[in-house]
Amino acid sequence: MDNSGVAAILSKMALLLEFKGENPFKAKAYERAARNIRGLGEDIGEMYRRDRLSEIPGVGGAIREKVREILDTGTFKAYERTAAEVPPGIFGILDIPGIGPKTAKLLYEKLDIRSVDGLLKAAIEHRIRRLSRMGPKQEEKILRSVQRYQSSGEPGRTPLATADPITEEIKEQLRAFPFIKKVIAAGSIRRRKETVKDIDLIALSDVPAKAMDGFLHLQKVTEVIEEGNTLSSVLYDNKIRVDLRIVPEESFGTLLQHFTGSKEHNIHLRKLALEKGYKLNEYGFTDIATNVIKRCAEEKQVYDHLGLEFPVPELREDRGEIEAGMQKRLPKLIEVEDIKGDLHVHSNWSDGEDSIEDLALSALERGYEYIAITDHSHSTAIAGGLSEKRLLEHTKAVSSIDEKFEGIRLLSGTECDIRPGGKLDYSDRVLQELDIVIAAVHAGLDQDRKTMTKRIVSALENEHVDILAHPTGRKFGKREAYDVDMEKVLQAALDNDKAIEINSSPSRLDLNDINAGMARKMGVWLAINTDTHRLDNFNNIRYGIDVARRAWIEPQDVVNTRHIKDFVSLFRIE
Ligand code: DGT
Ligand code: CA
């Protein structure tokens, strides 16, 4: 079990203890241990083997024993015992962001609510508002949380950034076999979708039986789900399903096209083929008049055969790419190399790990021409937000470090909180001193749609604001997007000439492809940033670019594809 697995079970124990109303210090101790294990820089299993568990803060005495038990058995007895005393549906309720164990306990004890469905029903029937400590407002909040949780519900999907390294690891092992000639990932991974259900691999081999055998016996295969001569499925490392298809060389292109999808894109393509007199399936085109089959070794031949410009996988969602392909008018999508600077970077002045100098050096090595150092503002106290006084010192530090560096421009900035009432965290007098002002929502996330929209729009109306960061606040597996009228927000950005961020942090990817596509269509400026908190976070730019490509975004739609000279004049920076 890895660090996050161990942490997850300790966190669950903390929730259960709170739910049962046991000693709050006990619950806190479990949560603290979980947090520290999650944040460890090394593998906890390895530390256990070296007898170093007690070095982890919060993992002393009793909890250390539990951690040992988890690492040995995958669980611990006290947890199993406690979990058995709670109705199973309660786990679902405790999973809902915004509903804590105390609330779950109250609902269970007073209304006998034992499941998410039961909770939804009680909220709809207005039974919750009648409880003491509750009212119509709390009930509405609960209802919204449940609905959001249910609609977010893509359980079992893995973020792309988690699936990517696993895919690479498997491909590398398969390529090392002499009897495998080629392996490529198809499906949603190849289309760079933000989350994936499974990893679809396609391989060429002269000895398929050996190739399959090699695949089934990879070291981290935890379960064989399906076993066949040309298709097998496994559970890999207890984490994700992986399918491997061995395909014949002469129809490699047709099969790759088919298994890249999307399903919607394929259905549309097949319809088009029929109109042209062909039946298209994963094996090739069958000419309906002559019954002659055409197979394609190269994927491009499939599109050529239909007279279509070749769409890169990111475009294949049946969102107009087939029509555009017919007219040979597909977009020239943005690439990682088009990015000339990063406008959302945290240093160790707030919650980043690195100094401004190290950030500058790393950005310079990437070939960036500029970065904005945008530490947090004071309302975000947990992230070490800066007071106005500290911010002015920060600005001075940025410009003096900037003088030391050639080849890269350091821009002074802030990631300024938009307070619940819509006010910014710094006065205009301070904001006007900065090169780049990013505005963002960090607290008060459960406002209703109207209030949240108004809050964000009023920030966009401030003349000093340049960019709205992570516009919907969603975090994979943690919380859904807050309720906001994105069209109104984008319109406000357009009217006030502001840029909207695609945040490349793998847990955010916010805007998502749909909203980013809407921004592009409306003509709103986009900024693709990493929200770097550690030097290697700069690499996440790739994931923001993936989102942008799926949204049909071209380099000229994005402010930070500009060279420094054009960039400073666009933002009127001296
Ligand atoms: P995922 O796995 O949910 O993240 O998304 P995909 O697109 O990888 O879906 P998956 O793994 O179920 O199937 C892989 C590809 O196979 C899919 O993109 C297109 C093709 N495919 C699957 N089912 C169908 C179907 O019913 N009709 C057609 N035309 N193609 C299909
Ligand atoms: Ca798939």
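Student: Buried means under 20% relative accessible area, exposed means over 50%, and partly exposed is in between. Which class does Phe177 fall into?

Tutor: Keep in mind that this is a predicted model. Phe177 has a relative accessible area of 22%, so it is partly exposed.

Student: And Phe179, buried or exposed?

Tutor: Phe179 is buried, because its relative accessible area is 17%.

Student: How many aromatic pairs does the structure hold?

Tutor: There are nine aromatic pairs. Phe177 and Phe179 make one: their ring centres are 5.1 Å apart and their planes lie at 10°, so this pair is stacked.

Student: What links Tyr30, Phe76 and Tyr79?

Tutor: Ring pairs do, and the three form a cluster.

Student: Switching to the sheet. What is the order of the five strands?

Tutor: The order is β2-β4-β7-β6-β5. The sheet is open, and its pairing is mixed. At the edges are β2 (182–185) and β5 (221–226), each pairing on one side only. On average, neighbouring strands are turned by 25° against each other, direction ignored.

Student: How many bridges do β2 and β4 share?

Tutor: Four, in the antiparallel sense, with β4 covering residues 198–204. Look at Ala185: it stands opposite Leu201 in β4.

Student: What does helix α10 touch?

Tutor: Helix α10 (residues 160–175) packs on the sheet and touches β2, β4, β6 (231–236) and β7 (240–246). Its direction makes about 25° with that of β4.

Student: Which strands does α13 lie across?

Tutor: Helix α13 (residues 252–260) lies across β2, β4 and β7. It runs at about 180° to β4.

Student: New topic. How do the axes of α20 and α21 cross?

Tutor: Helix α20 (residues 449–460) and helix α21 (residues 486–496) cross at roughly 10°, and their axes come within 9 Å. That makes α20 roughly parallel to α21, because angles under 35 degrees count that way.

Student: Which residues make the contact?

Tutor: From α20, they are Thr453, Ile456, Val457 and Leu460. From α21, they are Lys488, Val489, Ala492, Ala493 and Asn496. Six of the contact residues are nonpolar, two are polar and one is charged.

Student: Now the backbone. Which residues does a cis peptide bond join?

Tutor: Most residues other than glycine have a negative phi, and most peptide bonds are trans. Here, one cis bond joins Gly261 and Ser262, with omega about -5°. Ser262 is in the loop between α13 and α14 (263–275). Another cis bond joins Asp510 and Leu511, with omega about 5°. Leu511 is in the loop between β16 (499–503) and α22 (513–522).

Student: What is phi of Leu509?

Tutor: Phi of Leu509 is near 40°, a positive value in a residue other than glycine. Leu509 is in the loop between β16 and α22. At 4% relative accessibility, it counts as buried.

Student: And what about phi of Asp318?

Tutor: Asp318 has a positive phi of about 55°, although it is not a glycine. The residue lies in the loop between α15 (299–305) and α16 (321–326). Asp318 is partly exposed, with a relative accessible area of 31%.

Terms used:
Residues numbered from 1 in each chain as written. Chains lettered and ligands numbered in written order. Predicted model: local features only at pLDDT ≥ 70, side-chain atom pairs only at ≥ 80, totals over all residues. Heavy atoms only, no water. Pairing = 2+ DSSP bridges. Helix = DSSP H or I, 4+ residues; strand = E, 2+ residues; numbered from the N terminus. Axes fitted to C-alpha atoms, helices over the stretch in contact; angles between N-to-C directions. Contact = heavy atoms within 4.5 Å. Parallel < 35°, antiparallel > 145°, perpendicular 65-115°, else oblique. Nonpolar A, V, L, I, M, F, W, Y, C, P; charged D, E, K, R; others polar. Phe/Tyr/Trp six-rings, centres within 6.5 Å; stacked < 30°, edge-to-face > 60°. Buried < 20%, exposed > 50% of the residue type's maximum accessible area, 1.4 Å probe, protein only.
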